[in-house]
Amino acid sequence: MKEIIELSTDELLTRRRDLRQESLHLRLQQQSGQLEQPSRLRLLRRDVARIETVLSQRGKETEKKSIYG
């Protein structure tokens, strides 16, 4: 989590896209019965959720700054 917080917003967006793409590939492997590490899917979902949480928090901070000066 500490690593995620230290990334810039652009880096977070890129990482989220990459993780979602990897998740898609793993789900396709799971459907075809070729998935070797089912736990990897859960870890990817959690990482995406962490990134989205940080992005949401940053968005709210930016919104507060624009409203309250």
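**Labels and their cut-offs**

Colleague: Why is Arg46 called partly exposed?

Modeller: Arg46 has 44% relative accessibility. Buried means under 20% relative accessible area and exposed over 50%, with partly exposed in between (1.4 Å probe, protein chains only), so Arg46 counts as partly exposed. By the way, this is a predicted model, where local features need pLDDT of at least 70, side-chain atom pairs count only at pLDDT 80 or more, and totals for chains, interfaces and linings use all residues. Residues are numbered from 1 along each chain as its sequence is written, and side-chain values use heavy atoms, leaving out hydrogens and water.

Colleague: What makes Glu52 and Arg20 a salt bridge?

Modeller: Their closest N and O atoms are 2.2 Å apart. Glu52 sits in helix 3 and Arg20 in helix 2, so the bridge ties together parts 32 residues apart in sequence.

Colleague: What about Asp47 and Arg50, how far apart are their closest N and O atoms?

Modeller: 3.1 Å, and they form a salt bridge too. Both lie in helix 3, three residues apart, about one turn of the helix.

Colleague: How many helices and strands does the chain have?

Modeller: Three helices and zero strands. Both are DSSP runs numbered from the N terminus: helices are H or I with at least four residues, strands E with at least two.

Terms used. Salt bridge = Lys/Arg side-chain N within 4 Å of Asp/Glu carboxyl O.
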